[in-house]
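Hi everyone, thanks for coming. I'd like to walk you through a structure that may be new to you, so please have a look at it first.

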Amino acid sequence: MKIKEILAKTRPVSFEFFPPRSADGIPDVLEAISELAIYSPDFVSVTYGAGGSTQAFTEEITLQAKNDLGVEVMAHLTCVGQNQEELDRVLARLEAAGVENIIALRGDPPRGSTEFVAVEGGFRHASDLLKHVKSNYEFGVAAACYPEGHTESVDLTADLEYVKKKVDLGADFLVTQLFYDNQYYFDFVDRARAAGIQVPIVPGVLPVLNSAQVRRFTSLSGSNIPPQLDVLLDKYADNENSARDMGVEYATEQVRGLWDAGVPGVHFYVLNRSYSVSRILDNLQIPGHTRPN
Ligand SMILES: Cc1cc2nc3c(=O)[nH]c(=O)nc-3n(C[C@H](O)[C@H](O)[C@H](O)COP(=O)(O)OP(=O)(O)OC[C@H]3O[C@@H](n4cnc5c(N)ncnc54)[C@H](O)[C@@H]3O)c2cc1C
């Protein structure tokens, strides 16, 4: 089913995973997906790596989640390292396998590079990929957005213009970059609506798993750490279990605040660790997404 249709009926709860570096890691990712499948996600997604075999693992895990675990899926696709012909081959395989949803992204530069460089015959921006997908395929298509602005954008206004371009080209909905202060999300939605963006904007939430990792991710994504979280990250810097427990509590309150404010769904960045997201969902007791008795 297209996620657009799911969004018209309900407020989806969805989970994002990433592909392993080698094929040996595929069963672990599938296990994490099946551990969370008991919470009846409306869809799951698997990120697309910067090259090599992990891109094939993304496809494999996406298809196994759909066919073997019976979960609706959204395949991530990026402009990194593949030209249009190569991307068309991926899209044709996904289409033939019955995948109905794509999130069209530019992608992060491969490890070791700091700047995105389009490959010969490839796409420069997510909007170029999105336009190609919308013109040639029947997929439902999502796109990314950044409540605190994308790190490369000149300013928030220019960034929003490019998000609007993706929506005008046919993105059915947007999924946000991680943020730890809900006010950034609410302000972004207000600015997006004022700019004429009407599609659902689904918040992406990353529970803290350990302090160093959150500091690294936020510095890469340009997301701010609110003072109260900053203190907690310092407090639990050397204690991963306590940091994870704190992350469960923090994300529970963060998602409760978003959900109660009427967000159109929540997309959890699971990082292939099911423990935190299951505890958060146990805390929240969202109807339709509770642990079976
Ligand atoms: C929900 C979500 C899922 C993600 N999944 C993945 C994944 O699977 N794999 C992965 O590698 N990365 C993933 N990312 C990270 C993402 O690829 C990076 O943040 C990347 O740097 C930007 O991707 P984008 O699709 O937003 O690009 P774009 O929309 O192309 O934007 C990138 C930058 O270019 C600017 N821009 C856009 N269009 C134009 C234009 N026409 N002219 C000039 N400037 C322009 C934007 O303001 C922005 O600064 C994900 C991010 C999110 C939020």
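Let's begin with the shell around the ligand, where helix α6 is the biggest contributor, giving 4 residues. Please keep in mind that this is a predicted model.

Who comes nearest to the ligand? Out of 23 residues around it, the nearest are Tyr-48, Tyr-146, His-150, Asp-159 and Lys-166.

Now for some individual contacts. Asp-159 places a polar side-chain atom 2.7 Å from a ligand oxygen. Lys-166 also has a polar side-chain atom 2.7 Å from an oxygen atom of the ligand. How much of the ligand does the protein bury? On its own, the ligand would expose 980 Å², and 88% of that is buried by the protein. Two or more shell residues come from each of these elements: β3, residues 73-78; α6, residues 156-168; and β6, residues 173-178.

Let's move on to another helix, α11, which covers residues 274-284. Which of its residues are buried? They are Ser-274, Ser-276, Val-277, Ser-278, Ile-280, Leu-281 and Leu-284. Those buried residues pack against β1 (13-17), α2 (26-37), α10 (240-260) and β8 (266-269). And if you follow the chain just past the end of α11, you reach Gln-285, which has a positive phi of about 50°.

That's my tour, and I'm happy to take questions.

Technical notes:
Residues numbered from 1 in each chain as written. Predicted model: local features only at pLDDT ≥ 70, side-chain atom pairs only at ≥ 80, totals over all residues. Heavy atoms only, no water. Near = heavy atom within 4 Å. Polar contact = N/O pair within 3.5 Å; in protein donor to acceptor, adjacent residues only side chain to side chain. Areas by Shrake-Rupley, 256 points an atom, 1.4 Å probe, with all protein chains shown as cover. Buried < 20%, exposed > 50% of the residue type's maximum accessible area, 1.4 Å probe, protein only. Contact = heavy atoms within 4.5 Å.
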